[in-house]
Every structure is written in structure tokens, then in C-alpha cells.
Amino acid sequence: MNLSLLVPQPQMVRSGSGKFSFGRDFADQVHSYLFCDTIPDGIVELPLSRELQALPESYRLDIRPDKILLATESKSGRFAAMTTLKQLLLQCPDAALPCMTIDDWALFSIRGVMIDISRSRVPTMNTLQHIIDLLSLLKYNQLQLYMEHTFAYKGHEDVWKDSSPLTEAEVRGLDLYCRRRGIELVPNQNSLGHMERWLAHPAYKQYAECPEGFTDSWGIFRPVSTTLDPSSRESFLFLEGLYDQLLPLFSSKLCNAGGDEPLEFGMGRSRKLCEREGRDNVYAAFLERLNSLAAERGKRLMVWADILQKYPHLLKDLPEDIMFVDWGYQGDHPFDHECRNLAESGHDFIVCSGTSAWNSIGGRWGNCRENIRNAAAAALKWGALGLMMSEWGDNGHMQQYPIPMPGYFLGSAAAWNPEAIDLLDMSGALSLLLFGREHNILAKALMLLEEAGSPKGLKIHNASLPGIMLFDHYLPHYRSIFPQYAGYDFSFEYEQLEKAESLLASVDPGEPQTLYDEILFTAALMRFACDLGRLRLQAPHFSLSEIDTAARVRLADRLEELIIEYRRLWLLRNRPGGLEESAGILEELVRLLRQ
């Protein structure tokens with residue numbers, strides 16, 4: 001029994017003597033166990049000892065040669081114990097479980113994941129169910145599906161018609177599916193910034209802060225407004241209509257209304273109001289109104305804390321029932337300072353780190369690890385209610401399904417028992433719980449790709465250098481950093497890629513075929529991006545047009561072949577809506593290479 005494969009790591013384990021032998025029926029009952037199911041035969045429930053009763057989701061699992069004793073005081077504690085048992089049985093192909101006693105409990109009451117389903121990729125129901133099953137096995141208890149426009153709101157068909165949105169019946173089904181697996185599905189509808197999918201349509205420009213466009217903080221003109229006008233009564237009537245359709249579908253009493261990154265807040269229609277009353281006070285009044293909208297519909301409001309960190313004096317005056325979500329995705333994000341601000345306000349809050357998968361192709365493992373570690377430490381120090389992992393889809397959502405998985409695994413470990421995360425065998429755990437015991441090579445190849453995204457000394461905000469090369473023509477925010485990487489040869493990335501490709505070539509993919517194909521494709525796309533980046537960063541002005549014509553044509557030919565596979569893999573796990581948008585970014589790069 002390799003306890004370093006358990007995700008998350010239990011708090012205390014004591015070895016026993018002998019083994020508990022079990023049959024196939026017992027194993028099937030354990031693996032199929034859902035929240036509030038009847039305990040399988042062979043497991044005896046007992047009261048929990050007094051010293052463990054006060055701890056959240058606490059349980060004692062006592063594995064003896066003749067039976068298993070399970071002690072807990074709560075349904076969630078029982079489910080956590082059964083989840084641990086599921087993971088233990090996966091390591092026992094000989095149907096004999098080593099005797100041991102596990103005393104365990106959660107350090108954080110909220111352990112969540114947020115998945116972006118608005119930036120191009122909307123997963124199929126089957127994919128979402130697979131993700132929920134995995135998150136449940138990792139002891140997550142909250143899931144949010146980040147939405148901007150990907151719910152089929154009645155009367156708003158022009159906005160979502162090409163996005164393959166979730167329907168009312170699908171949301172209700174997902175809510176039930178989550179509850180049966182110990183997960184709370186929290187509604188998430190951004191309600192201030194990131195609304196360009198709506199505001200691009202003429203019928204919705206009346207709600208826009210800058211209906212004729214604006215210049216963002218990077219100096220780039222955006223023809224479509226991204227932020228609702230906070231001074232308009234019509235904006236709130238619009239949001240009320242969305243909430244009335246969406247919120248009743250969820251059994252959760254929480255509601256995440258976003259409120260982050262309102263890029264042009266106070267630059268347009270609300271400018272005079274902000275000049276008169278102050279941007280900070282206008283923003284606070286907007287949150288108070290959102291809080292009322294949520295409360296009127298029986299929900300408790302959650303909002304991002306990024307803007308409030310700029311105006312910490314507002315925190316104590318906002319309604320006390322608002323829950324803040326403090327987010328940051330760089331390894332050195334100032335979580336300690338920000339969590340202190342939130343703790344001193346007296347509000348409940350959680351801390352949100354990220355998988356570091358977006359804008360990266362293959363992940364940024366070094367950054368991911370540091371980001372999660374620092375988020376957990378600050379959350380524990382300042383009394384946060386929990387940790388949440390986020391997986392974003394910026395710039396076409398080009399990362400494949402396996403890429404965020406190491407982040408989910410480490411996030412689970414940190415949210416349950418952060419002091420033991422260094423005990424986790426990541427490659428082994430991925431093999432056991434994601435790929436299957438016999439596919440350890442896939443896990444090792446995945447981690448090589450993850451590590452390739454974080455070369456020592458190379459720190460880029462929310463992106464890897466190869467990742468930037470795929471979308472620079474689409475959103476050139478990172479172009480200003482190119483001079484500091486002039487002549488960069490991607491030697492570390494190539495070394496990691498060669499190791500990963502060698503491992504992949506050494507095995508017959510067999511099952512799981514799709515996971516194998518996704519990792520193989522990721523390596524190929526990353527190699528293409530490194531080849532393009534090496535040529536581009538050797539050019540005098542770092543432009544595509546300076547690359548030799550024959551070299552550009554060869555790159556274009558390779559990318560065209562990759563796009564064919566990109567499209568195929570997309571449709572195996574995701575709905576067709578958003579595919580043209582995402583693949584179109586790569587196809588435009590092909591066109592530019594052929595110029």
C-alpha cells in the first residue's frame with residue numbers, strides 16, 4: 001500500500017497487522033457508493049470519538065482483518081471515509097487491504113473548482129459527469145461553471161445560439177448529479193465585466209458602459225464594451241431577468257456574480273457619476289444592489305475581491321453576508337496581504353488559485369505548485385473558509401483535457417491537508433486515479449510537458465512563452481516582453497518534449513486512447529510553438545514577416561495538420577459551439593505565415 005498516492009493525504013495513519021480480504025461485490029459497492037447511500041456489508045458504523053467530533057468532515061476508518069469500522073458524526077464525514085476507501089481499494093488488485101487506522105478531517109470546509117465554460121469550450125454532459133466523478137473522488141465539495149453567455153436564456157437566443165449552451169434541463173441534471181457525489185453546484189453568472197459576448201449585439205448596447213468601444217490599459221482599442229453600465233437602472237433589470245431564469249435551477253444557496261475586471265468601469269456612461277461620487281463608492285453601490293438581487297431570490301452573494309483589494313476601506317461597509325473570493329494566479333501573488341484585508345473586514349472569504357493551464361499549451365507546473373502552496377498558506381493563516389481551483393479558457397481555450405489535472409490533484413491535497421502536500425506522489429496519483437494503474441507512462445509524459453511550461457527563471461504573467469506564440473496575433477498583450485527574450489532558444493522546452501515524446505513512443509496507447517492522443521497532440525503543438533517562437537525571437541523586430549519565407553511555409557503546413565487533429569479531439573469531449581472561434585485563431589496564424 002502506497003499512501004503517497006492518496007489524494008488528498010489523510011491527517012493521521014497508523015499501520016495495523018494483517019489484511020482485510022474482500023470480494024468483488026464488496027468492491028463494487030464501495031466504488032459505486034454515492035452520498036447518503038447505504039453502507040456496504042462488511043463495514044460497521046460506530047460513534048466518533050469525542051476528540052474528533054469537533055473537526056469538519058471528520059471520520060475514523062479502522063481496517064481490521066475481519067471487518068472495517070467506520071466512525072463519523074456527519075453524512076459528509078461518512079462520504080469522505082468512503083471516498084478514502086475507494087482510493088485504497090484501487091491499490092489492491094489482489095483483493096486484500098492492509099490493516100490500518102485512519103483519523104482524518106478537512107482543514108477547509110469549502111474545497112472548490114471553477115471551470116470556464118464561456119471561452120470557446122463548452123463540455124458535453126458526458127465530459128462534465130466524468131469531471132464531477134473525478135472531483136468527488138478527490139474530495140472536492142463545490143463546483144462552479146463560469147458562465148458569461150453559455151446558458152440557454154429564453155429571449156436571448158441571438159447571444160448564445162452559436163455556443164452550444166447548457167439548457168435548463170441539463171443544469172437541473174448536473175445539480176442532482178453533483179449532490180449525489182457530495183458536491184454543491186453553485187450558479188456562476190458574471191454580472192459586470194466580461195460581458196462582451198452580450199454587449200457585442202446591438203440589442204444589448206443599451207447596457208454597455210462604452211457602447212462605441214474603448215482603449216484598454218494595454219493601449220489596445222476594443223471595439224466592443226466588456227462592462228455593464230453600473231449607473232443604469234436598465235442594467236439591473238437585465239440582470240434580474242437572467243437571475244430569474246438561472247438561479248432557481250440550483251439547490252445551492254450561494255450565487256457567484258463575478259464583478260471582476262470591469263476594464264472600462266467609469267470611462268463611459270457612468271463617468272460623471274464616478275467623478276461625482278468616486279469609482280470606489282459606485283462600485284460598492286453596484287455590489288450592494290447585486291446582493292439585494294441575490295437575496296431576493298434566496299441566494300447568498302459571492303463576488304471576486306480584486307477590485308475591493310484596490311479599495312480595502314470599502315470592505316467593512318459592505319453587507320456582512322457577502323462572501324469574497326480572493327483570486328491570484330501567479331506563484332508570488334500577494335495572498336498574505338490580501339487575505340489579511342479580508343479577514344480584518346469580518347467577511348467570510350475563500351481563496352482562489354489556478355491550474356496555470358491556460359495560455360500555456362502544456363501547463364506551467366512550477367507556477368501552479370507555488371501558486372497553490374502560497375494560496376493555501378495564506379488561507380489557513382487568515383481563517384478563510386476554503387480554497388478554490390480555477391481553470392480558465394483565455395484566448396481560445398487551447399489546452400487539452402488532461403492539462404489542468406495536476407492542478408486539480410494538488411489543489412485537492414492543499415484544500416484538505418495543506419501541510420502534507422509534499423508527501424503526494426503526483427505521477428503515481430495521476431496514474432491511479434486518472435489514467436489507470438497500468439498507464440504510468442502517460443502520467444510521466446504529462447508531467448514532463450507540465451514542467452516544460454515553467455523554465456527556471458522564466459516568469460510570465462498567466463502564460464508560457466510557447467503559448468503566447470499561438471495567439472499573439474489575436475491578442476498582442478504580451479508583445480512588449482519579447483525584447484527581454486531576444487534569442488531565446490527554448491532548449492529546456494525541447495529537452496522536456498524529447499523525453500515526453502520518447503515515453504509516448506515506447507507504449508502501445510491502448511486504453512485510454514483519447515487521453516493518449518490528447519497528450520501526444522499537446523507535445524506536437526508545443527513543439528510547433530517552440531519552433532515558431534525560436535525563429536520569431538531571433539528576428540530583429542520579432543515579427544512573423546521577418547522569418548524566412550520557406551520556413552514560414554513549412555510551419556504553416558505543420559499547423560494545418562495540427563488543426564485537423566485539434567478539431568477531432570475537440571469534438572470528443574466538447575460541444576461544437578466555440579470550435580470555429582478557437583480553431584479560427586490557429587487558422588488565422590496559418591494565413592499570416594503564408595503571407
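**The sheet and the cysteines**

Modeller: In this predicted model, 5 strands form an open sheet with mixed pairing, in the order β1-β5-β3-β4-β2. Its edges are β1, residues 12-21, and β2, residues 43-46, each of which pairs on one side only. From one strand to the next the twist averages 20°. Leu61 has Ile102, in β5, as its bridge partner. Packed on the sheet is helix α3, residues 75-90, which touches β2, β3, β4 (68-72) and β5. The direction of α3 makes about 35° with that of β3.

As to the cysteines, a disulfide is a covalent bond between the sulfur atoms of two cysteines. With a cut-off of 2.5 Å between sulfur atoms, the count is 0 disulfides. Cys92 is accordingly in no disulfide, and the nearest cysteine sulfur, that of Cys99, lies 11 Å away. Cys92 has 7% relative accessibility and therefore counts as buried. For Cys368, the closest cysteine sulfur is that of Cys352; the separation is 12 Å, so the two are too far apart for a bond. Cys368 also counts as buried, because its relative accessibility is 0%.

How values were computed: Residues numbered from 1 in each chain as written. Predicted model: local features only at pLDDT ≥ 70, side-chain atom pairs only at ≥ 80, totals over all residues. Heavy atoms only, no water. Pairing = 2+ DSSP bridges. Helix = DSSP H or I, 4+ residues; strand = E, 2+ residues; numbered from the N terminus. Axes fitted to C-alpha atoms, helices over the stretch in contact; angles between N-to-C directions. Contact = heavy atoms within 4.5 Å. Buried < 20%, exposed > 50% of the residue type's maximum accessible area, 1.4 Å probe, protein only.
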